[in-house]
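Reader: I am new to protein models. Please show me how to read one, feature by feature.

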Amino acid sequence: MRPVIIAANWKMHTTPADAAELATTLAGRTNVPDVERVICPPFVCLAAVRDALAATPAGLGVGVGAQNVHHELSGAFTGEIGAGMLVGLASWVIVGHSERRRDAGETDELISRKLQRAVEVGLRPILCVGEQLAEREAGMAESVVAAQLGGSLAGFAEDPAALGAAGLVVAYEPVWAIGTGRTARGADAAAMAEAIRQAIGGLGRGFDAIATDLPVLYGGSVSAAAAGEFLAEPAIDGALVGGASLKVEEMAGIVARASLTAAGRRAATGRGG
Ligand code: PGA
């Protein structure tokens, strides 16, 4: 049975003080059974969020994630953050977000190296993939995403099991749906989630073992109102939430809907399904 995961990507929002307060409130308002919750604040807020969550009983089940990590462990890289520095502050990390592909020129090759560094230090990666609107309209969405996966996971060809052990999660985020208020259709996102598992399974020996149990999240304008569209799909295991993750009522609604999905999965397993 795959888990249900709701990850909050706060992007470049919040100060440490704001972040601590928001994390405490969110933890209390989303404290439902069986949903894995993760908050990814800016780097400078990681410690504040970690400490705020540790200080409230509702925060104990909430993971902390970084939004990025450098592709080298250390060195002369002014302004950058290495994977080892995150240990103790975060247990998750987002890698390859489309805003970084767009604004920081991140390539699949670079993303592969970032993933390797994350896995080496024991961070759980959320790898983001997704097509542009023109690519979807040209019928190329699945091939674009498959190419992103192939490039981003190339660094694990010798040791795909390390990815499974690290608990790789893939977030399918169509670029045209991010921050636009326009979401994919649930059926299209579900088809892509299956295509993602198939593409990873096809990467070679050892990757097939990861593919079946791979959690795939949907991201792109997820709100409390839109969440059901995706969380009703058995192929989709949760959401990566941007704008709405800064709003307590939105997150409460999204996580409550995710809890229904988790309960349904548990019941199906109980029936031997
Ligand atoms: P959005 O962002 O929910 O604001 O569209 C999602 C993301 O970028 O992860």
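**Cysteines, strands and helices**

Author: Start with C128. Its sulfur is 9.1 Å from the closest cysteine sulfur, in C40, which is too far for a bond. A disulfide is counted when a pair of cysteine sulfur atoms lies within 2.5 Å. Keep in mind that this is a predicted model: local features need pLDDT of at least 70, side-chain atom pairs count only at pLDDT 80 or more, and totals for chains, interfaces and linings use all residues. Residues are numbered from 1 along each chain as its sequence is written, and side-chain values use heavy atoms, with hydrogens and water left out.

Reader: How many disulfides does the structure hold?

Author: A disulfide is a covalent bond between the sulfur atoms of two cysteines. This structure holds zero. C45 is in no disulfide, and its nearest cysteine sulfur, that of C40, is 12 Å away.

Reader: Is C45 buried or exposed?

Author: Learn the cut-offs: buried means under 20% relative accessible area, exposed means over 50%, and partly exposed lies in between (1.4 Å probe, protein chains only). C45 is buried, at 0% relative accessible area. C128 counts as buried too, at 1%.

Reader: Now the strands. In which sense do the barrel strands pair?

Author: Strands of a sheet pair through backbone hydrogen bonds, either parallel or antiparallel. Two strands pair if DSSP finds at least two bridges between them. Helices (H or I, at least four residues) and strands (E, at least two) are DSSP runs, numbered from the N terminus. Here eight strands form a closed barrel with parallel pairing, in the order β1-β2-β3-β4-β5-β6-β7-β8. From one strand to the next, the twist averages 25 degrees. Axes are lines fitted to C-alpha atoms, for helices over the stretch in contact; angles run from 0 to 180 degrees between N-to-C directions.

Reader: How many bridges join β4 to β5?

Author: Four bridges join β4 (residues 92–95) to β5 (residues 124–129). I94 stands opposite I126 in β5. β7 and β8 pair over two bridges. Y218 has A239 in β8 as its bridge partner.

Reader: Which residues of β7 are buried on each side?

Author: V216 and Y218 are buried on one side, L217 and G219 on the other. Both faces of β7 are covered.

Reader: What are the angle and the axis distance for α1 and α2?

Author: Two packed helices are described by the angle between their axes and the distance between the axes. Helix α1 (residues 16–29) and helix α2 (residues 46–54) pack at about 35 degrees, with axes 8 Å apart. Contact means heavy atoms within 4.5 Å. In α1, P16, A19, A20, A23, T24 and A27 meet A48, V49, A52 and L53 of α2. The residues of this contact divide into nine nonpolar, one polar and no charged. Ala, Val, Leu, Ile, Met, Phe, Trp, Tyr, Cys and Pro count as nonpolar; Asp, Glu, Lys and Arg count as charged; the others, Gly among them, are polar.

Reader: Where does D237 lie?

Author: D237 lies in the loop between α11 (224–231) and β8 (238–241). D237 is buried, at 0% relative accessible area. Not counting residues up to four places away in sequence, D237 touches several others, including R2, R197 and R265.

Reader: Which loop holds D34?

Author: D34 lies in the loop between α1 and β2 (35–40). D34 has a positive phi of about 70 degrees, although it is not a glycine. At 44% relative accessibility, D34 counts as partly exposed.
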